[in-house]
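Have the sequence and the model open, try each task, and then compare with the solution below it.

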Protein chains: 2
Amino acid sequence: MEKEISAEIITIGDELLYGQVIDTNSAWMGQELGKIGIKVKQITSISDNPDAICATLTQAISRAQVILITGGLGPTKDDLTKHTLARYFNTQLQLHQPSLDDVEAIFKRYNRPMLEVNRQQAFLPASCTPIRNALGTAPGMLFKEQGALIVSMPGVPFEMKQMMTDSILPRLQQHFQLPQIIHKVVQTIGIGESFLAEAIADWEDNLPPNLKLAYLPHLAGVRLRLTGMSDGNSDLETQLQLEVDKLTHLISEHIFAYGEVTLEEAIGQLLKDRNLTISTAESCTGGLVAHKLTSVPGSSAYFMGSVVAYSNGVKQAQLGVSAQTLETHGAVSEETVRAMAQGVRQLLNTDIGIATSGIAGPDGGTPEKPVGTIWIAYADAHQTIAKKLSYNKTRLLNIEYTVLQVLNLVRQSLPKRVEE
Amino acid sequence: MEKEISAEIITIGDELLYGQVIDTNSAWMGQELGKIGIKVKQITSISDNPDAICATLTQAISRAQVILITGGLGPTKDDLTKHTLARYFNTQLQLHQPSLDDVEAIFKRYNRPMLEVNRQQAFLPASCTPIRNALGTAPGMLFKEQGALIVSMPGVPFEMKQMMTDSILPRLQQHFQLPQIIHKVVQTIGIGESFLAEAIADWEDNLPPNLKLAYLPHLAGVRLRLTGMSDGNSDLETQLQLEVDKLTHLISEHIFAYGEVTLEEAIGQLLKDRNLTISTAESCTGGLVAHKLTSVPGSSAYFMGSVVAYSNGVKQAQLGVSAQTLETHGAVSEETVRAMAQGVRQLLNTDIGIATSGIAGPDGGTPEKPVGTIWIAYADAHQTIAKKLSYNKTRLLNIEYTVLQVLNLVRQSLPKRVEE
């Protein structure tokens, strides 16, 4: 079996430490390395400070075979990575003509005069292998030390990504003997992490040693990721699919998709497959159900429109909720939300209508209907289903959870065939 | 002057290393710590691995006075942080009754049976100060060691944020003698970072040495943050306000708010102040304008409702856009978007109506109207204003930028008095 190759990522820049910029580069690099079988063991974000850079690099080299460094390669005074690396690897800067040609070409393209600081960007440590930056003025650098490969790249995401894809990932695959790794993702909704863990405990305990399960909870549910590393004895794809099938058998009603699919994409696919159209009548969710549905490219095929009915006047005049229903039961009630779902379905002439009405907070609650009391409904030609939710979160989270619940209600309720 | 207090952040979880989750917690913590005068010097992301946790913690304690740890506190087997910390600090787990009460209350609220793994979450290291988690089942833990404060929190962002705001930040301020720091935030929209920098260059160059300006560009514009650290010579609040007044004089038309106010909150305040109501007619934004407006608590005072008109049928039947307008000019046109804004204003009987219609992409473009061609409109009793936008971004970004533009159009267009 191949030796496991591990990586560390070092990101350099005060803007990361002070929270002015969210480090999205590391996640992307982690994913791409994972796909070729290299595990990231640590990500370290530090200041543009030579001592911090050297100390972090020494430690990383002692633990990992691949070190990816981003940031600190700009033309300004506070960008110290290149000079620090030259000193660290005990080498001198020298002009790298192909890099200078690239920098000059970029300035020519934007029709701007090149400054001396930009010319300086083409001076690279003599002992490194320069890595071409097709999109920016700072070339990358590859060093070898104690069996480790150390790569320095710019922090600009699109420059780093092109460099990784074009140069670094292929070089890593050439340099190391990497294991075969496959990930399978199972998307669940409507079951909490601990209940899920209990429901699949026996299965998880009996997984072959080369398969590992990760629980990745997020707002829309729990993503289960099964990762397989080839043991050389069996076909990994077949082995993983067998386990995903067993898992499906245990929790089928909670699975809304396989792979990197969102709930709204899954709903969209169901509606397209069954040739159904949908509309929404939203009170407390204020348009977020419609936004989620329309965030999917091509959603105009099944999403016709929505009425956001924040006032009772709009609920009556547009959605046909009767004044009597609103008076007797209130805007946040089973009766009103059922009428809203049926009303929008008729108004916008769709197969399915869904509705939300509730008290998102922070104000507006009563003893009988506290903040977080929310009704959702689904209506089609044959049935109307309503469900009561109770949340105790912030206004925005109450809204976001309601959107997920009403989308999940669609998933659970819609007819298998349009004729049914 | 006070000794500078530095912090390190340790985030735990393979999902961060494998790139399944982007670490947004660290940036938020870095910002909040900065606001009270604590500088983050390093962020380290590691696996749920006891050896890695202990080694990283030992190093962090040797360098910083505040260590914030997130993640690895869930109820499942791969969550090892609590046990590792108990061993690290040489202490035992014991039942913490108030935490158990909280966990039980959460399960009672959701009307679900509590599992043994959840009960176990209320067992905490004897030497720690438990930190209440009002929103989840994993309490936080505060340890003291070699003059450093070490805090362990869940990785779930909203749980971590509430814990930081309610407990951790106030405790840090009590525990350390922190310098007096005041921030003033000026929110701008409609001017790019480099143009803004040019417009205020002279003012920025002449700032007193104890004041620092940061440009924080984000989707909704550029946030300018002026940070003052007391030099003991003058009243810091007065000094800062004087500079904010000078800044306002330079770029007043681009400022939509002072302080941590969103554009939709600023719009809401303007509408409330002038006693005006609003409705939206949305095509390409699919309900996101309505969602933004209703994400503000108390928005039911001025927001009446919306019609999301994705299909032309809904544009005609609900919003009264004529078939001729749609045929002659198309759904994405000045004529249609003006008719939509006027139509929704009349339909929902509001003072102001706003509308969007465009091609968000990735498909649906034509040579005359490429993807990213978007029309927005504002209508009140006296005027209708339309504006064309051109974007070249992803579907979601095209939608989000459009929402900001139409909200900014409201800010620029609405009458000063309701009677005007």
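**Exercise 1.** Which strand order does the open sheet of 4 strands in chain A have?

*Solution.* Before starting, note that this is a predicted model, in which local features need pLDDT of at least 70 and side-chain atom pairs count only at pLDDT 80 or more, while totals for chains, interfaces and linings use all residues. Residues are numbered from 1 along each chain as its sequence is written, chains are lettered from A and ligands numbered from 1 in the order in which they are written, and side-chain values use heavy atoms, with hydrogens and water left out.

Step 1: read the order, which is β10-β11-β9-β12 of chain A, with antiparallel pairing. Strands here are DSSP runs of E with at least two residues, helices are runs of H or I with at least four, and both are numbered from the N terminus. Two strands pair if DSSP finds at least two bridges between them.

Step 2: find the edges. Those are β10 (211-218) and β12 (255-258) of chain A, each pairing on one side only. From one strand to the next, the twist averages 20° (axes are lines fitted to C-alpha atoms, and angles run from 0 to 180 degrees between N-to-C directions).

Step 3: look at one pairing. Strand β9 (residues 181-188) of chain A is joined to β12(A) by 3 bridges and runs antiparallel to it; there, A:Val186 stands opposite A:Tyr258.

**Exercise 2.** Turn to chain B and work out how many bridges pair β10(B) with β11 (residues 221-229) of chain B.

*Solution.* Step 1: locate the open sheet of 4 strands, ordered β10-β11-β9-β12 in chain B. Step 2: count the bridges between β10(B) and β11(B), which gives 8, in the antiparallel sense. Step 3: check a partner; B:Leu211 has B:Gly228 as its bridge partner in β11(B).

**Exercise 3.** Describe the interface of chain B and chain A by its buried area and its polar contacts.

*Solution.* Step 1: take the residues in contact (heavy atoms within 4.5 Å): 69 from chain B and 71 from chain A.

Step 1: take the area. About 5,700 Å² is buried between the chains, 57% of it on carbon and sulfur atoms; this is the accessible area (1.4 Å probe) lost on putting the two parts together, summed over both.

Step 2: ask which element leads. Strand β2 (residues 39-46) of chain B gives the largest share of that chain's side, 8 residues.

Step 3: count polar links. There are 22 residue pairs in polar contact, both residues at pLDDT 80 or more. The rule asks for N or O atoms within 3.5 Å, one able to donate a hydrogen and the other to accept it, and residues adjacent in sequence count only if both atoms are side-chain atoms. Salt bridges between the chains number 0 (Lys or Arg side-chain nitrogen within 4 Å of an Asp or Glu carboxyl oxygen).

Step 4: Strands β14 (residues 303-309) of chain A and of chain B run antiparallel, joined by 5 bridges, with A:Ser306 opposite B:Val308.
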